[in-house]
Amino acid sequence: MRFRELILGLAAVLLAVLPHPALASKLPAETVVLTVDGAIDGDAPRDFTIADLEALGLVELRTTTPWHDNEMLFEGVPMARLMEAVGARGDTVVGAALNNYLIDIPIADFETFGVLLAFKANGEYMGVRDKGPLFVIYPFDRFPDIRNELYYSRSIWQLRRLTVK
């Protein structure tokens, strides 16, 4: 019984401190949502807020995903543009999620498929409960051949860090 109470208590704390999806757009402007490090210009980690990412230029991507019931309209910055902005000098990024999920993503995917670093879904900023605040999205409808576990695993949500290798 104590274990169940502990789990329920932890769940209540997490729900209290994690941003509600409707509040995601009200994050303080200085809140860092992404750190890019590794083989980049200057070799020092670069921190990004949502405003920093928006300043790189927004694009839209409409696609279906295995995690949503309907077609979604995602907005964010192209991953290729982000890699250019940090001066990436590698051929792979390691994505790390808030829950410590790690995945290697070939940088070539970013140009080949037009991969998006999304922070809006259907016009709303994504909160942690909605796979945000950052979600790597592949255009699954444009490239049916990538509708498989390999590319689904690269579509990391709740992204927090990218390490260029």
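Reply: In this predicted model, the side chains of Arg62 and Glu71 form a salt bridge, with an N to O distance of 3.6 Å. Arg62 is partly exposed, its relative accessible area being 48%. Glu71 is likewise partly exposed, at 41%. Neither residue counts as exposed, because that class requires a relative accessible area over 50%.

The pairing itself follows a general principle: side chains of opposite charge can pair when their charged atoms come close. A search of the whole structure finds five salt bridges, and two further examples deserve a description.

One of them joins Asp109 and Arg154, whose side chains meet at 2.7 Å, N to O. Asp109 and Arg154 are both buried.

Another salt bridge is formed by the side chains of Arg147 and Asp141, at 3.4 Å from N to O. Arg147 has a relative accessible area of 42% and is therefore partly exposed. Asp141 is also partly exposed, with a relative accessibility of 29%. Asp141 is not classed as buried, because that would require a value under 20%.

To return to the opening pair, Arg62 and Glu71 are joined by a salt bridge, with Arg62 partly exposed and Glu71 partly exposed. In the salt bridge between Asp109 and Arg154, by contrast, both residues are buried.

Notes. Residues numbered from 1 in each chain as written. Predicted model: local features only at pLDDT ≥ 70, side-chain atom pairs only at ≥ 80, totals over all residues. Heavy atoms only, no water. Salt bridge = Lys/Arg side-chain N within 4 Å of Asp/Glu carboxyl O. Buried < 20%, exposed > 50% of the residue type's maximum accessible area, 1.4 Å probe, protein only.
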